[in-house]
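Hi everyone, and thanks for coming.

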Amino acid sequence: MPGIISPARAQDAGAASAPLDVVLRVNGTEHRLTLDPRTTLLDTLREHLHLTGSKRGCGLGQCGACTVLMDGKRMKSCLSLAALVEGREITTIEGLAQGADLHPLQAAFIERDAFQCGYCTPGQIMAGVACIAEGHAGSPQEIRDWMSGNLCRCGAYDHIVAAIQDVAQATGSVRGG
Amino acid sequence: MHPFTLERPRDLSAALAFRAQAGRNDAPTEYIAGGTDMVQLLQENVRRPERLISLAGLLDNRIDVGPQGLRIGAAATMAEVAAHRGVIEQFPVISEALLNSASPQVRNQATMGGNLLQRTRCPYFRDVGYSACNRRAPGSGCAAIGGENRWHAVLGTSDNCIAAHASDLAVALVALDAVVEVRGANGPPNVSLIDFYRLPDATPHIETVLEPGEVIAAITLPANPAARRSHYLKVRDRASFEFAVVSAAVALDMDGARIRQARIALGGVGTKPWRVPRVEAALVGGSLDPAVLRTAAALAARGAQGRGHNDFKIELMQRAIVRAVEIAGART
C-alpha cells in the first residue's frame, strides 16, 4: 500500500515567496509578523512566537496534535496558512491556565493519568475543551466519536475519555442524549 | 512546499479577476478557502501553484431553508451546515453525510464549496513518489490499475483513471438534485451537481466543468417530499474519521407502505458521485420487502467493473442500498 502519509514536505531550497505582513491575535496578545506566505499557523506559533505547546505530528490534519481554538472553535493549525487567519482570536494550550491555576481539563488529565509520552496531550486537551463546550461529551461513546480527530499512539484513550467526562459532568455542560 | 505568492483580495470581483484554475491540477493560479485539502496537497507537493488567491471572507456563508428548498452559501462550514436545525429536520441525509465526514476540527474549517472541489484520496495521486498518475500528471499512466486498488471506483472508470470521488456531502446532494451556483466571467451561472463533475475518460485531470476563474458561490436544493425521509449510510474501515469504502444516500417519498418516489446516490464506488436511476425506477410502487429491495439494488451493478482488490464493492454497494432504503423507510 503506498504511503498515505508522505514525508515529502521539504521546502524548495533557495526559492523565495514575497513575504507578507500578518497580524495575529494569540492568547489575547497581538503579534505583528512578516511571514513567508507558505507558513502555517502551527509553524508560526512554534517557530516565530515560540509557543511550542502545539505539536506537529503528521502536518496533514490527521493526528490532531496541533489543535488550537479559533474564535472558540477547534481547528487544526497545520492546515491553516497563518496569513489567512488574521482577525481570529487564537487560543493555544499556553492560553488555558489562569496564572498558576490550571484549566479544569488540564487538572483532570493529571488526575486521570491521561497520557504517557505527552506529545498528543496539548491537542487532546484543546479538542477536549471544545468537545465539552459544544455539548458533545454526554457519554463515553459520544466523547470517543467527537474526539476521533485526535490520535494517541500510547493508547491513553480510556483515561482521556474519563478526564473529559469528569470535567463535562463537573461543569454541568452535558447535553441530554 | 513550492513557493507561491498569496493574494488576499478585498472582494469577489477582484478574486475572480485573477482567473484561477480551480478544479484543474497543478495550475499556476489556484483558489484557497478553508484550506483543509489544499494545504495537504501543498505540503505534499501534489499542487505547486505559483499564486494562491484567498477566498476567505469573500463568499456567502448563509444557510436558508424555506418553501423553495435549501440554499447554502459556499463559505458555510461543514460544521455549520451539519448543525443547522432546518437541515437536520428537512434534509437529514445532508447532516448525516457531513457528520460522518472528516473530524470535528476539519469540519470547523472546511467549506461547502471546498468540500465539493476536494481532490481524490487515491494514494497514487497523493504521493508524488509515484510517477504514474494521469490525474496529477496528464499522460503519465495510472498506477492504480494493476496496483493496490481496494479503495478505487468500479463505476465511471476509464483506462486512464479509476480514482473514487471522496466527498460524502456530494453524494447526499446529488441524491437530492442539488444545483451549484457558479460565479465567474462567463459560463452558465447554474449547473446541476451531477453534471458539474466530469467522468475521467481521457482527461482525468479536468474534474469539473468550472472554467478558469470561476468559483462555486452557493448550493441550492429544490424542495422535495422525499428529503425528510432520507438517510446516509457510510460503510468504512473505522467507525469514524475515515473515508467511505461504499456509501449510499437514500431519500424516500412513501405512500403508506409503498414507495412513491426514491432518490439514491452512491459514494466510494464512482469516479464521481453516482446516481442510480434504474434502481430508483424499480423501487417505485414497491414495498420495503427485503427481497424486492434486493432485486432493485442489483440494477446498480450494471456496467460496474472491478479491478481486482475492489471487486467486493460491487456486491457491497447493493447491500448498502438495501440497508439504507430500509433505514430511510422506517423513518416517519
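This is a predicted model: local features need pLDDT of at least 70, side-chain atom pairs count only at pLDDT 80 or more; totals for chains, interfaces and linings use all residues.

Residues are numbered from 1 along each chain as its sequence is written, while chains are lettered from A and ligands numbered from 1 in the order in which they are written.

Let's start with chain A. Its secondary structure comes to 5 helices and 5 strands; helices (H or I, at least four residues) and strands (E, at least two) are DSSP runs, numbered from the N terminus. Reading from the N terminus, the order in chain A is β-β-α-β-β-β-α-α-α-α. Of the 177 residues in chain A, 45% count as buried. Buried here means 20 or more other C-beta atoms within 10 Å of a residue's own, exposed means 12 or fewer, and partly exposed is in between, with C-beta atoms placed from the backbone.

Chain A is divided into domain 1 (20-94) and domain 2 (104-170), with bounds that come from an automatic or database domain assignment. The C-alpha centres of these two domains of chain A are 21 Å apart. How many residues of each domain are in contact? In chain A, 13 residues of domain 1 are in contact with 11 residues of domain 2, where contact means that the C-beta atoms, placed from the backbone, lie within 7 Å. On the domain 1 side of chain A, β3 (67-70) and β4 each supply at least two residues, and β3(A) gives the most, with 3 residues. That side divides into 6 nonpolar, 4 polar and 3 charged residues. For those classes, Ala, Val, Leu, Ile, Met, Phe, Trp, Tyr, Cys and Pro count as nonpolar, Asp, Glu, Lys and Arg as charged, and the others, Gly among them, as polar.

Stay in chain A for one more residue. A:D71 lies in the loop between β3 and β4 of chain A. Its phi is near 50 degrees, a positive value in a residue other than glycine. Most residues other than glycine have a negative phi. A:D71 is exposed, with 12 other C-beta atoms within 10 Å.

Now for the place where the chains meet. The contact takes 36 residues from chain A and 31 residues from chain B. On the side of chain A that touches chain B, β4 (73-76) and α4 (140-146) of chain A are the elements that give two or more residues. The largest share of that side, 4 residues, comes from β4(A).

On to chain B, and its sheet. What is the order of the strands in the open sheet of 4 strands? The order is β9-β10-β11-β12 (chain B), with antiparallel pairing; two strands pair if DSSP finds at least two bridges between them. β9 (230-235) and β12 (274-275) of chain B stand at the edges with a single partner strand each, so one side of each is left without a neighbour in the sheet. Between β10 (residues 246-255) and β11 (residues 258-267) of chain B there are 9 bridges. One example is B:A249, whose bridge partner in β11(B) is B:A265. Helix α9 (residues 168-175) of chain B packs on this sheet, touching β9, β10, β11 and β12 of chain B.

The axes of α5 (residues 92-99) of chain B and α9(B) come within 8 Å and cross at roughly 170 degrees. Axes are lines fitted to C-alpha atoms, for helices over the stretch in contact, and angles run from 0 to 180 degrees between N-to-C directions. α5(B) and α9(B) are therefore roughly antiparallel to each other, a label for angles over 145 degrees. The residues of this contact divide into 9 nonpolar, no polar and 1 charged.

Last stop: is B:I216 buried or exposed? This residue sits in strand β8 (residues 215-222) of chain B. With 31 C-beta neighbours inside 10 Å, B:I216 counts as buried. Leaving out residues up to four places away in sequence, B:I216 touches B:A74, B:G113, B:L116, B:V180 and B:V182.

Definitions and conventions
Two residues are in contact if their C-beta atoms, placed from the backbone, lie within 7 Å. Angles under 35 degrees count as roughly parallel, over 145 as roughly antiparallel, 65 to 115 as roughly perpendicular and the rest as oblique.
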